[in-house]
Amino acid sequence: MDSMPYRSFSENLEGHVKRCPLLKQTVALSGQSFYQKGINAGQEEEDKKMGSCSVVTSEMKRDLLYSMSVSKFLQLIKKIDDVHGGICKDIEDSYLSPEACNIWFNKEIDRKIPFQEKHVLQQGSILGNLEKFGVLKKCNENVGCCESNVEEKEDNSVSAVVEFGAGRGYLTQMLADCYGINKVYLVERKSYKLKADRSLRQKENLVLERMRIDIEDLNLNAVESLHGVPYVAVGKHLCGPATDLSLRCCLSRQDGESPVLRGLAIATCCHHLCQWKSYINKEYILSLGISKDEFHIMTSFTSWAVDDDHGSNVPGVDDIDLLVSNAKEEEEGEVKDDSLSSVEEGVKKMKPMERAVLGFKCKQIIDAGRMKWVKNHGLDSKLVKYIPASISPENTLLVAG
């Protein structure tokens, strides 16, 4: 009698394994030359506090915060203030609507393509900042000229794009429509419907390759069709560690057979998901006097920058300077060491504006480390606010060329 449920379970499991789409995808992926498990994951470190788990969860980060002494907590906040004041002074507004993208801004595109104005404005500004940086060249007359004269492009021009975390691929769709890119590589681990792939494949002289793979496992140097090809890397709202994985994927291993990275534009977001293991510039963070545990606590602070607690109080905030000036008006409520019995009490006493300011500062420090890592790898780079926060509070763009 007892063997019947077991046999039924075994039969069900065997049947599921035979038709499991995830298993089929994994088997197919393992045979690809560009698949290399964990190549962009970052360095594993032994951590007695966290055990063998390499992913530090939100709960673990919160435990780190609440286990601090009150004095250490206040010292960390002062350290964040001091560091931010020294390295994040020149993040300028760069809200661009490039002429090359007018066919999208004016809705002169295929009506079957999904159109949401806020996304089009974001995509256009990302590409405009690449053009401003000299990475992209706009067409002299129209898009058709770019597509028909691909082989006549200058040696320093870009002929390919790799979009990380591509989703449906509409950032690349705009790039191909407006700047004449003729090789497209879409990197995305999830499956999507209503993708841009169909309209991209209809473009003459355009080669499209969608790679369903985690960025962590992508060896870009092993993509044979990219060998020696000048390309631009883009990503719109690459969540948490995905930004670090993408940067490592593009810049860590350069040799004679490597693709030729001409520039990149990555809109960062979801810094609360960042991990020490994958973060691209640990050396820089440590040089600022910020420890691994403090880094994880800082990532938890970043969620305060875009949460709902302060949104109604600060409508349409477009930069941290306004938040800081508003926060100074509330300094009378500043938390003091001798008034607290615990860090948890201190967090609860912080006003929404204070929390928002602290969150934004942590986000910008994390992104500043990424920018400096890109500079150390030979590209001029900067951070800009590429879109008003009223369109998206996640409005920081790392652009390089």
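The text below takes confidence first, then the cysteines, then the cores.

The model is predicted. Its protein chain has an average pLDDT of 84, and 76% of the residues score at least 70. Helix α12 (residues 292-301) has the highest confidence, at a mean of 98, while helix α7 (residues 143-148) has the lowest, at 42. Across residues 140-153 the pLDDT stays under 50, and the model gives this stretch 20 contacts beyond four places in sequence. Residues 309-318 also have a pLDDT below 50, with 19 contacts in the model beyond near neighbours in sequence.

The number of disulfides in the structure is zero.

C178 is buried, at 2% relative accessibility, whereas C239 is partly exposed, with a relative accessible area of 37%.

In soluble globular proteins, nonpolar side chains tend to be buried together. The largest nonpolar core here has 65 residues, of which F164, L218, L220, L226, Y231, L264 and F301 touch the most other members. Helix α15 (residues 352-376) supplies the largest share of this core, eight residues. Beyond its neighbours within four places in sequence, L226 contacts A160, V162, Y185, L220, Y231 and P259. Another core lies apart from the largest one; it has 37 residues, including V161, L171, I181 and V232.

How values were computed. Residues numbered from 1 in each chain as written. Predicted model: local features only at pLDDT ≥ 70, side-chain atom pairs only at ≥ 80, totals over all residues. Heavy atoms only, no water. Disulfide = S-S within 2.5 Å. Buried < 20%, exposed > 50% of the residue type's maximum accessible area, 1.4 Å probe, protein only. pLDDT = per-residue confidence, 0-100. Helix = DSSP H or I, 4+ residues; strand = E, 2+ residues; numbered from the N terminus. Contact = heavy atoms within 4.5 Å. Core = buried A, V, L, I, M, F, W, Y, C linked by side-chain atoms within 4.5 Å.
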